[in-house]
Amino acid sequence: MTTSPDRPVPEPAGDADTVRTDLLQFLAKHTGREWTTDADVFGNGGLSSIFAMELVVHLERTYGIAIRGADLRMDNFRTVQRMGTLVERLRQPAPGGSGA
């Protein structure tokens with residue numbers, strides 16, 4: 001994986017807790033409130049679908065991943081737990097790929 005010097009990407013060995021902690025901090029900074037990993041960020045008058053796109057951009061830039069197609073389902077962004085799982089999955093080498 002290559003990275004741009006202006007976009008630090010955490011090492012792939014970084015654990016899931018690191019991703020989730022980053023996401024909780026990102027949400028707190030951008031919403032002015034604290035979140036838990038299982039809180040529905042879009043339910044009960046939460047965040048807008050426009051903010052979902054901000055989350056997509058943040059995840060792609062921060063973790064050097066590309067979120068496309070079926071992965072753009074709202075369910076993948078509903079909670080910090082689900083976003084973390086998505087990042088973990090997309091950071092894995094593609095099946096049959098060289099992993100480099």
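Predicted model: local features only at pLDDT ≥ 70, side-chain atom pairs only at ≥ 80, totals over all residues.
Residues are numbered from 1 along each chain as its sequence is written, and side-chain values use heavy atoms, with hydrogens and water left out.

The side chain of Glu 60 meets that of Arg 68 in a salt bridge of 2.7 Å, N to O, a salt bridge being a side-chain nitrogen of Lys or Arg within 4 Å of a carboxyl oxygen of Asp or Glu. Arg 68, at 53% relative accessibility, counts as exposed. By this rule the count comes to 6 salt bridges, and Asp 40, Asp 75, Arg 78 and Arg 82 are linked in a network of them.

Another salt bridge joins Arg 20 and Glu 88, at 2.9 Å from N to O. Because Arg 20 lies in helix α1 and Glu 88 in helix α3, this pair ties together parts that are 68 residues apart in sequence; helices here are DSSP runs of H or I with at least four residues, numbered from the N terminus. Arg 20 is buried, with a relative accessible area of 8%, while Glu 88 is partly exposed at 29%.

Asp 71 forms a salt bridge with Arg 89, the closest N and O atoms being 2.5 Å apart. Since Asp 71 lies in the loop between α2 and α3 and Arg 89 in helix α3, the pair ties together parts that are 18 residues apart in sequence. Asp 71 is buried at 16% relative accessibility, and Arg 89 is partly exposed at 44%.

The helix α2 has buried residues that include Phe 51, Leu 55, Leu 59 and Glu 60, and its buried residues pack against α1 and α3, contact meaning heavy atoms within 4.5 Å. After α2 comes Gly 64, whose phi is positive, near 60°.

The largest nonpolar core has 22 residues, of which Leu 27, Leu 59, Phe 77 and Met 83 touch the most other members; such a core is a set of buried Ala, Val, Leu, Ile, Met, Phe, Trp, Tyr and Cys residues joined through side-chain atoms within 4.5 Å. Two or more of its residues come from each of α1 (16–31), α2 (49–63) and α3 (80–90), with α2 giving the most, 6 residues.

Technical notes. Buried < 20%, exposed > 50% of the residue type's maximum accessible area, 1.4 Å probe, protein only.
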